[in-house]
Amino acid sequence: MSIMAKISKGLSKTREKMAQAFQAVFERGPSRDYELLEEFLILADVGPAAAAAIVAKVKEKNSPELIPALKEELVQTLNLDSEDKPVKIFVGINGSGKTTSVGKLCHRFVSEGKKVFVIGTDTFRAAADMQLEEWCRRAGVPYLLGKPGSDPGAVLYDGLNSAAAKNADYILCDTAGRLHSNKNLMQELEKILRVSERVRPGAVEVLLTLDAATGQNALQQMETFEQWVKPSGIILTKLDGSAKGGVAIALAAKYRVPIKYIGVGEGIEDLLLFAAESYVNSLFPENE
Amino acid sequence: MVFSGLSQRLQGIIGKLRGRGRLSEADVKDALKEIKLALLEADVNYKVVKDFIANLQQNCLGAEILNSLTPGQQVIKLVRDELTNLLGASASSLSLAKGKSVYMLVGLQGSGKTTTTVKIARMLKAKGKKPVVISLDTYRPAAVEQLEIAAHDAQIDSYRPGGLNPIEIAKHALAWTDKFEHDCLLFDTAGRMHLDEALMEELLQLKALIKPVEIILVLDAMTGQDAVNIAQGFAERGLADSIVLTKLDSDTRGGAALSVRAVTGKPIKYIGVGEKTEQLEQFHPDRMASQILGMGDVLTLIEKAEAAFDREQAAKLQEKLRKQQFTLQDFREQLHQFKNIGSLDQIAGMLPGGAKLGKMQFDEREIARFDAIIASMTPAERLSPSIINGSRRKRIAAGSGTSVQQVNKLLKQFAMLQKMMKQLDPKMAKKGRLPFPFKI
């Protein structure tokens, strides 16, 4: 299956919803009901502020074709430069899909012929280590997992050294889920980052996993994670549901943090590189 | 704090209304627009917000509200009532069957089913039940182990029967639990999208097999606009009898909570407020509504005020006001009524122009002092304070345990009050809608 087809398939539910909303806009014909456009952006979780801003820009363009103007605006918002660093620390709230994303990204790198090493620092949640172990086995990569109750920073330190010994191209580090509102856990995360920066200076990036169904709270999540660990990219997960992941547009508009990958299913291959144009295109009905 | 973001927004909007003696239609419309935005930012479903605002607008723009002397308060009360309606009228607990109570927990991936399963089991155990948890999640790696370990830590029995698929496992589990004395069976299921027809069909089969007394939908409180689609997806297939909202210890504005009840009609019974297995709380819609508005005390005050000031007395008072016969005796009665309601600070907050009242530095003891001073006066003095001369002042001060200065202060303030009463708009007084004894 081509990448385009995969994104398309993953986003089919999203597209159906969007299509309905657009239909309504089209039916109004030349009257161009901008309010309706705003409504559908809000329904996609873009949020009232970002939706109003985007619609205002589309209005400004005053182009005869509403859809291309909107597409252009969305692509522009989402098209952000991203860098690629060898040590990737996965952070996010509980149940956002960190472990699954680590497993899928392992598979992706392995199939590109890269050497991958996985470090599991979730020593808190029951059976977190077993879950990650299973993914590593499926992807066929070496790993080091912290024992339940052990210190995540120490696990990471050992892991980074083992990875160096194995000459890994990529080191993926899973962390325990944490609510951004829990200050102690955010401090712990900051420490994890500090440790990794000490071992691999300049080679570390933080990836925030975000459930596509998340609403405007994603902005608060980003805000807090930004304060503590400055994520350099977002992994938008669970895009295969009816959720539209529109909050990613609000995030891109406000924080200029690029979306790097999207999760579109439970299979090990269901993690795709994010491409703004394909993503936006597949949101619209005429690409069938 | 849960909902704090939304509370702050709404309180700001409402604060603007509170201080106003009169509201124009435009004022109300502006406020409603802001409330709408606040709700959308809190992820309340767009359609729910639309209905909510439409209802509110209809009610707020009624002549009764706009013409009342406390339109701001009335609007706030309407908002609260509407919010409570959205959240569901009253709190409810888990249903129990006569014999064995079987529960099934369903929901999307990562919503918190496994943790919630253990939390509910723990709560049941605390109530003297004998729960056992069984994982039917054969999809996600280590899901079964997660439930087992978490249950073990919470000293809850768990059972891992053989079987390749959820149906088989459930069959074995039912046969096994028959032999033991567990009276509450909690089945944890694999996370699934409500759009996944095959997996939803599997849930229906499970439902037919295990016959749960209640199917509990576990929903992440941070879910956005899609929350209603998810809840509806499960509910319309008969796969959600009640809802548990998780991760409410985050700073979510909780819009999902406001939406799902309204759309599905299924009650939210519990909320998850932490990662530890004892962190499950009952959900109280009314308290939540007040909490959202950040005005629990003030609202109680409104109710208390409604109870304390009966209409007849208010009418009598008005008559006196109109004829300018407001006496110290009346003043004292008003002071007593105030005491029935609550502390001065609270009252100041709820009164129109209450902020000004606060600046007058009325303190609690002063009210008591005023009361004592008036009590030490003769009926004649209360009717016409002008007869209170120097020697009467000394007597009153001695009788009330105060000083002449304090007696003077009371008389001065009462004179001011009388003057203000005279300035009251006679048209307003005639309308007969003075909800509070006097307006400052």
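Trainee: In E4(B), which residue is the bridge partner of B:Val102?
Mentor: The bridge partner of B:Val102 in E4(B) is B:Leu185. Please keep in mind that this is a predicted model.

Trainee: How many bridges join E1(B) to strand E4 of chain B, and in which sense do they run?
Mentor: Five bridges join E1(B) to strand E4, residues 184-188 of chain B, and the two run parallel.

Trainee: What holds paired strands together in general?
Mentor: Strands of a sheet pair through backbone hydrogen bonds, and the pairing is either parallel or antiparallel.

Trainee: What is the strand order in the open sheet of chain B?
Mentor: The order is E3-E2-E4-E1-E5-E6-E7-E8, which makes eight strands in an open sheet with mixed pairing. Strand E3 (157-159) and strand E8 (280-282) of chain B are the edge strands, each pairing on one side only. From one strand to the next, the twist averages 25°.

Trainee: Which helix packs on that sheet, touching E1 and E4 among others?
Mentor: Helix H6 of chain B, residues 113-126, packs on the sheet. The strands of chain B that H6 touches include E1, E4, E5 and E6, and the direction of H6 makes about 170° with that of E4(B).

Trainee: Let us turn to E5(B). How many of its seven residues are buried?
Mentor: Six of the seven are buried, so strand E5 (residues 214-220) of chain B is mostly covered, given that a residue counts as buried if 20 or more other C-beta atoms lie within 10 Å of its own.

Trainee: Which strands pair with E5(B)?
Mentor: Strand E1 (residues 101-107) of chain B is joined to E5(B) by five bridges, and the two run parallel. Within that pair, B:Tyr103 has B:Glu214 as its bridge partner. E5(B) also pairs in the parallel sense with strand E6 (residues 242-246) of chain B, over five bridges. There, B:Ile216 stands opposite B:Ser242.

Trainee: How many residues of chain B are in contact with chain A?
Mentor: There are 33 residues of chain B in contact with 34 residues of chain A. On the side of chain B that touches chain A, H7(B) supplies the largest share, four residues. By class, that side has 12 nonpolar, 12 polar and nine charged residues.

Trainee: And chain A? What is its sheet order?
Mentor: Chain A has an open sheet of eight strands with mixed pairing, in the order E3-E2-E4-E1-E5-E6-E7-E8. The twist averages 20° from one strand to the next. Strand E6 (residues 233-237) and strand E7 (residues 259-263) of chain A pair in the parallel sense over three bridges, and A:Ile234 stands opposite A:Ile259. Helix H9 (residues 183-199) of chain A lies across E1 and E5 of chain A, at about 175° to E1(A).

Trainee: Is A:Asp45 buried or exposed?
Mentor: A:Asp45 is buried, because 27 other C-beta atoms lie within 10 Å.

Trainee: What is the phi of B:Ala142, and where does that residue lie?
Mentor: The phi of B:Ala142 is near 65°, a positive value in a residue other than glycine. B:Ala142 lies in the loop between E2 and H7 of chain B. This residue counts as buried because it has 22 C-beta neighbours inside 10 Å.

Conventions: Residues are numbered from 1 along each chain as its sequence is written. Chains are lettered from A and ligands numbered from 1 in the order in which they are written. This is a predicted model: local features need pLDDT of at least 70, side-chain atom pairs count only at pLDDT 80 or more; totals for chains, interfaces and linings use all residues. Two residues are in contact if their C-beta atoms, placed from the backbone, lie within 7 Å. Ala, Val, Leu, Ile, Met, Phe, Trp, Tyr, Cys and Pro count as nonpolar, Asp, Glu, Lys and Arg as charged, and the others, Gly among them, as polar. Two strands pair if DSSP finds at least two bridges between them. Axes are lines fitted to C-alpha atoms, for helices over the stretch in contact, and angles run from 0 to 180 degrees between N-to-C directions. A residue is buried if 20 or more other C-beta atoms lie within 10 Å of its own, exposed if 12 or fewer, and partly exposed in between; C-beta atoms are placed from the backbone.
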